[in-house]
Amino acid sequence: MREQVVLMEDINKSFPGVHALSGCHFDLNAGEVHALVGENGAGKSTLMKILAGIYKKDSGKILYKGKEVDFSAPKEAQDAGIGMIHQELNLIPHLTVAENIFIGKEFVKGIFIDQKAINRETQKLLETLNIDINPETKVRDLTVAKQQMVEIAKALSYNSDVIIMDEPTAALTESEIDELFQFIKDLKSKNCGVIYISHRIEEVFDISDRVTVMRDGQYVATLNTSETNKDEIIRLMVGRVIYEQPKEQSAVPEDAPIVLKVENLCSKDVKNVSFELRKGEILGFAGLLGSGRTETARLIFGADPKEGGEIFVKGVKVEINSPQDAVANGIGYLSEDRKRFGLALGLSVRENVTLASLDNYVDKGFIDSKKEMEVTNDYVKKLNIKTPSIEQLVMNLSGGNQQKAVMAKWLIKNSDILIFDEPTRGIDVGAKSEIYKLIIDLTKEGKSIIVISSELPEILRLSDRILVMCEGVNTGILDIAEADQEVIMKCATSIK
Ligand SMILES: Nc1ncnc2c1ncn2[C@@H]1O[C@H](COP(=O)(O)OP(=O)(O)OP(=O)(O)O)[C@@H](O)[C@H]1O
Ligand SMILES: [Mg+2]
């Protein structure tokens with residue numbers, strides 16, 4: 001029997017208007033990986049933030065290494081050996097990778113940070129983790145996935161006995177996930193306990209020893225991973241069984257008109273990408289991290305400067321030099337980085353979801369708030385966004401519900417062409433399946449959609465055709481009828 005390091009009993013926590021946790025239980029043994037799962041807003045992050053000293057519990061008891069503790073600041077928990085990798089990236093954008101990792105640690109000479117020393121130490125740390133990032137890069141210049149890896153490196157740089165990972169793989173690709181799992185195995189062998197929050201149920205089976213399910217702020221059950229299965233976990237999480245089958249054939253008629261045509265699109269990361277998107281079609285963009293999928297989307301949306309190439313919307317050549325130009329041409333883009341490009345965290349749910357479409361509610365110079373509220377409430381219901389009211393600040397929503405708010409924003413905008421970049425990142429299995437249905441319903445209304453996803457099952461579930469990229473080059477366009485994971489991976493790793 002392994003030694004118990006954490007025991008949380010009867011934990012309660014309320015926020016204004018939200019009873020986030022009631023009577024929650026959780027325990028962790030040394031050297032085990034304990035997965036924590038549940039729907040968006042179930043209370044997973046809140047429970048772990050209490051353990052990590054970020055939130056104060058209202059009541060309940062926490063034992064750490066056998067002693068009762070009540071951390072009142074993250075630093076106290078860190079010093080005691082509890083580290084947390086956050087779901088929402090918490091790095092400081094204008095500081096370098098090294099500065100972010102060493103913030104609040106030693107290497108201070110007087111009032112100055114010893115840059116050389118922290119760069120050297122960071123280089124060493126990144127090397128042991130096999131992460132290829134320059135310590136002197138500013139965090140704001142890194143992709144979401146790279147930032148996630150820095151966040152992981154940072155947590156691992158404390159010699160923690162307990163590491164909490166709140167959706168560490170949400171932004172990672174398959175090969176990076178393999179690497180992360182290797183770190184986790186190393187941690188286990190060093191007798192470190194790992195708490196692993198994820199919406200990817202397969203991962204839970206790959207990596208965990210036990211799994212705890214939460215629902216609506218309550219503890220549901222703890223199971224030995226080897227004695228349960230995916231269906232049972234999902235049923236405990238959402239109270240029903242969900243089946244997701246790949247699409248078997250294209251749902252787009254042969255003669256559907258071409259709504260978007262891209263020819264020889266070029267930039268420093270994109271090389272001569274050309275494709276067509278038909279009315280009512282879902283075109284999946286597959287590829288590994290850094291293959292140029294997001295970069296292509298950003299060129300189409302006018303978010304980055306083009307070096308060459310032409311874009312035609314409904315047969316007419318258009319000049320798109322800014323996101324405003326794209327929106328004016330009926331193109332919407334749901335970004336992969338909801339914090340930087342998708343949401344204003346300090347504004348309410350209502351303000352965020354109607355931000356891109358305010359024109360629709362302005363009458364003779366005044367905002368028609370009644371209409372604005374109606375539409376917002378409608379989409380909060382449609383997407384099942386968990387919030388006490390539409391006036392709640394977005395920063396107070398759970399991670400998955402923030403993502404749903406970004407979706408609502410672009411759905412309300414009513415663009416004809418929608419680009420969804422990692423639309424279900426951080427979204428629970430139940431809500432995922434609702435979002436798939438929603439995306440497919442949009443195509444039935446005649447909208448055309450590009451879906452960028454690192455999850456191949458998602459690409460295969462949604463797409464009519466799949467464009468695969470590798471190192472900025474389009475290495476294949478597959479019809480769904482001929483596509484499977486293997487064919488996609490082949491294109492994703494080979495330049496013709
Ligand atoms: N700082 C806060 N202020 C107000 N409400 C909050 C705050 N933090 C969390 N909540 C609410 O508490 C509930 C639980 O949220 P939590 O973030 O723990 O969910 P979660 O299980 O991590 O979900 P997800 O899978 O979407 O990340 C949600 O209803 C959320 O809106
Ligand atoms: Mg969370």
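**Entry 1: Leu260 and the cores**

I looked up Leu260 and, leaving aside its neighbours within four places in sequence, I find it in contact with Phe275, Glu276, Leu277, Ile300, Ile311, Phe312, Val313, Ile331, Ile417 and Ile450, where contact means heavy atoms within 4.5 Å. I note that this is a predicted model, in which local features need pLDDT of at least 70 and side-chain atom pairs count only at pLDDT 80 or more, while totals for chains, interfaces and linings use all residues. Residues are numbered from 1 along each chain as its sequence is written, chains are lettered from A and ligands numbered from 1 in the order in which they are written, and side-chain values use heavy atoms, with hydrogens and water left out.

Leu260 is listed with Phe275, Ile331 and Phe420 as having the most contacts inside the largest nonpolar core, which has 61 residues. A second, separate core holds 35 residues, including Ile85, Ala98, Leu142 and Leu156. For both I take a nonpolar core as a set of buried Ala, Val, Leu, Ile, Met, Phe, Trp, Tyr and Cys residues joined through side-chain atoms within 4.5 Å; buried means under 20% relative accessible area, exposed over 50%, and partly exposed in between (1.4 Å probe, protein chains only).

**Entry 2: the two domains**

The domain assignment gives domain 1 (4-238) and domain 2 (258-492), with bounds that come from an automatic or database assignment. Their C-alpha centres lie 29 Å apart, and the contact takes 30 residues from domain 1 and 25 residues from domain 2. I find about 2,100 Å² buried between domain 1 and domain 2, with carbon and sulfur atoms giving 51% of it; this is the accessible area (1.4 Å probe) that two parts lose on being put together, summed over both.

Across this interface I count four residue pairs in polar contact, both residues at pLDDT 80 or more. A polar contact is a pair of N or O atoms within 3.5 Å; within protein, one must be able to donate a hydrogen and the other to accept it, and residues adjacent in sequence count only if both atoms are side-chain atoms. On the side of domain 1 that touches domain 2, the elements giving two or more residues are α5 (144-157), α6 (174-189) and α8 (230-238), helices (H or I, at least four residues) and strands (E, at least two) being DSSP runs numbered from the N terminus.

**Entry 3: salt bridges**

How many salt bridges lie between domain 1 and domain 2? The count is one, by the rule that a side-chain nitrogen of Lys or Arg is within 4 Å of a carboxyl oxygen of Asp or Glu.

I then followed Arg200, which forms a salt bridge with Glu455, the closest N and O atoms being 3.5 Å apart. The pair links distant parts of the chain, 255 residues apart, with Arg200 in the loop between β10 (193-197) and α7 (201-207) and Glu455 in the loop between β22 (448-452) and α16 (456-462). Arg200 counts as buried at 13% relative accessibility, and Glu455 is buried at 16%.

Glu455 also meets Lys432 in a salt bridge (3.2 Å, N to O). Lys432 lies in helix α15 (residues 429-444) and Glu455 in the loop between β22 and α16, so this pair ties together parts that are 23 residues apart in sequence. Lys432 is buried at 9% relative accessibility, and I find Arg200, Glu203, Lys432 and Glu455 linked in a network of salt bridges.
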